[in-house]
Amino acid sequence: MANRRFCVGGNWKMNGDQKSIAEICKVLSDAALDANTEVVIGCPAIYLMYARNLLPCNIGVAGQNAYKVAKGAFTGEISPAMLKDIGAEWVILGHSERRAIFKETDELIAEKAEHALAEGLKIIACIGETLEEREAGKTNDVVARQMCAYAKKIRDWTNVVVAYEPVWAIGTGKTATPEQAQEVHAYLRKWLEENVSKEVSASLRIQYGGSVTGANAKELAKKPDIDGFLVGGASLKPEFVDIINARK
């Protein structure tokens with residue numbers, strides 16, 4: 001598993017209000033979290049500052065999206081500079097919902113990643129295949145294509161975490177088996193070695209996302225190429241603590 005620090009992200013998506021966020025933040029503040037695991041919370045933009053003020057400083061906060069330029073006439077968008085200004089250190093980019101619902105292309109996502117990194121944010125760069133693509137045997141082709149777009153724009157991978165999320169396993173209750181997840185993670189490492197560098201392949205953290213729960217986290221965390229999780233629904237519940245502590 002090299003010396004890659006386990007990293008668990010919670011993606012709250014478009015959920016939460018001040019009351020429920022205060023409750024989640026209290027659970028996380030009071031819990032005995034594994035000090036060897038880095039924790040990042042992807043919070044809805046309008047609650048980012050609120051969550052930042054409630055969470056302990058060793059838990060990072062992330063925007064769930066950001067645009068590819070610093071400012072301008074882009075109604076409704078948020079820039080990395082704005083995220084940094086209110087205390088966010090991270091941003092989630094390329095999530096399957098951004099790709100599928102909002103029609104973001106590989107190229108746009110890569111441009112966003114390039115700009116966010118240049119502005120000093122750390123990024124969780126998401127990739128993953130649909131059920132149709134998996135059943136057609138195209139998983140490796142799809143994740144390679146998505147990684148290729150990132151690799152064209154990212155020169156320094158130090159502040160990048162990749163999240164592999166099979167779209168068919170997000171919010172469906174279906175989870176890739178630990179073996180299926182490990183297989184794709186191992187392929188990604190090989191791809192990085194061949195297309196970026198051995199150093200990046202060895203050091204880059206690759207999270208698994210897709211219906212991770214307190215019940216399956218420990219098994220997934222045992223796999224050598226799984227370096228953490230990006231968690232949706234379960235990150236809104238107390239069991240998120242068990243997921244964070246999957247390696248404990």
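A pocket here is an open set of points on a 1 Å grid over the protein atoms alone, where a 1.4 Å probe fits, with protein on both sides within 12 Å along at least five of seven lines; lining residues have an atom within 4 Å of a point. Points are joined across faces, edges and corners, and volume is the space filled by probe spheres set on them. The model is predicted: local features need pLDDT of at least 70, side-chain atom pairs count only at pLDDT 80 or more, and totals for chains, interfaces and linings use all residues. Residues are numbered from 1 along each chain as its sequence is written, and side-chain values use heavy atoms, without hydrogens and water.

The lining of the second largest pocket has five nonpolar, ten polar and four charged residues. Nonpolar means Ala, Val, Leu, Ile, Met, Phe, Trp, Tyr, Cys and Pro; charged means Asp, Glu, Lys and Arg; the others, Gly among them, are polar.

The largest pocket holds about 570 Å³ of space. Its lining counts 24 residues, with Met14, Ala45, Gln64, Asn65 and Arg98 nearest the centre. Twelve are nonpolar, eight polar and four charged.

Now turn to helix 5. Its buried residues (under 20% relative accessible area, 1.4 Å probe, protein chains only) are Asp106, Ile109, Ala110, Lys112, Ala113, His115 and Ala116. Just after helix 5, glycine 120 has a positive phi of about 95 degrees. Helices are DSSP runs (H or I, at least four residues), numbered from the N terminus.

Note on methods
Buried means under 20% relative accessible area, exposed over 50%, partly exposed in between (1.4 Å probe, protein chains only). Helices (H or I, at least four residues) and strands (E, at least two) are DSSP runs, numbered from the N terminus.
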